[in-house]
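Morning, everyone. I have one structure to walk through today, so please have a look at the screen.

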Amino acid sequence: RWVSVFFTSLLFSLVHPAWSIPPIFLLSVALGYAYERTGNLWTTITMHATFNAVSTMLFIWVTLTQRV
């Protein structure tokens with residue numbers, strides 16, 4: 001199972017921009033681990049949505065606070 005999680009995480013991260021590969025890979029491994037532990041897809045959906053929301057808020061904050 002963990003070999004599958006590793007390769008799926010690698011593929012998932014490679015379809016994202018190069019600068020985001022490490023955090024996306026770690027997120028994907030964490031999602032695989034969470035699913036294996038809980039067997040509940042909603043756990044991983046919530047984790048993914050939280051990650052995306054935090055990333056978006058950080059992007060907006062950095063964009064708005066940059067000095068021109």
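W2 sits in helix 1. Helices here are DSSP runs of H or I with at least four residues, strands are runs of E with at least two, and both are numbered from the N terminus. Keep in mind that this is a predicted model: local features need pLDDT of at least 70, side-chain atom pairs count only at pLDDT 80 or more, and totals for chains, interfaces and linings use all residues. Residues are numbered from 1 along each chain as its sequence is written, and side-chain values use heavy atoms, with hydrogens and water left out.

Back to W2. The cut-offs are under 20% for buried, over 50% for exposed, and partly exposed in between, with a 1.4 Å probe and protein chains only. Along the chain, W2 and E36 are 34 residues apart, yet 9.5 Å separates their C-alpha atoms.

Side chains of opposite charge can pair when their charged atoms come close. A salt bridge here needs a side-chain nitrogen of Lys or Arg within 4 Å of a carboxyl oxygen of Asp or Glu. How many salt bridges does that rule give? The count is 1. The partners are E36 and R1, with the closest N and O atoms 3.0 Å apart. This pair links distant parts of the chain. E36 belongs to helix 2, residues 21–38, and R1 to the segment before helix 1, which covers 2–14; the two are 35 residues apart. R1 counts as exposed, at 71% relative accessibility. E36 is partly exposed, at 33%.

Next, the aromatics. Rings of Phe, Tyr and Trp (its six-membered ring) pair if their centres lie within 6.5 Å; planes under 30 degrees apart are stacked, over 60 edge-to-face, and the rest tilted. The whole structure has 3 aromatic pairs. Take F6 and F7. Why is this pair edge-to-face? Because the planes stand at 80°, with the ring centres 5.3 Å apart. F6 is partly exposed, with 39% relative accessible area. F7 is partly exposed too, at 48%. F6, F7 and F25 form one aromatic cluster.

Now two serines. S13 lies in helix 1. S13 is buried, with a relative accessible area of 0%. Where does its side chain go? The side chain of S13 reaches the backbone oxygen of L10 at 2.8 Å. That is a polar contact: a pair of N or O atoms within 3.5 Å, where within protein one must be able to donate a hydrogen and the other to accept it, and residues adjacent in sequence count only if both atoms are side-chain atoms.

S20 is in the loop between helix 1 and helix 2. S20 is buried, at 6% relative accessible area. Its side chain reaches the backbone oxygen of P17, at 2.8 Å.

Rolling a probe the size of a water molecule over the atoms shows where empty space is left. On a 1 Å grid over the protein atoms alone, a pocket is an open set of points where a 1.4 Å probe fits, with protein on both sides within 12 Å along at least five of seven lines; lining residues have an atom within 4 Å of a point. Points are joined across faces, edges and corners, and the volume is the space filled by probe spheres set on them.

The largest pocket has a volume of about 220 Å³. Of its 13 lining residues, the closest to the centre are W19, S20, I24, F51 and S55. Helix 2 and helix 3 (41–65) are the elements giving two or more residues to that lining. Helix 3 gives the largest share, 5 residues. What is the lining made of? It divides into 8 nonpolar, 5 polar and no charged residues. Ala, Val, Leu, Ile, Met, Phe, Trp, Tyr, Cys and Pro count as nonpolar, Asp, Glu, Lys and Arg as charged, and the others, Gly among them, as polar.

One of the residues closest to the pocket centre, I24, is in helix 2. I24 counts as buried, at 8% relative accessibility. I24 and F12 are 12 residues apart along the chain, with 7.6 Å between their C-alpha atoms.

Last stop, T44 in helix 3. T44 is buried, at 11% relative accessibility.
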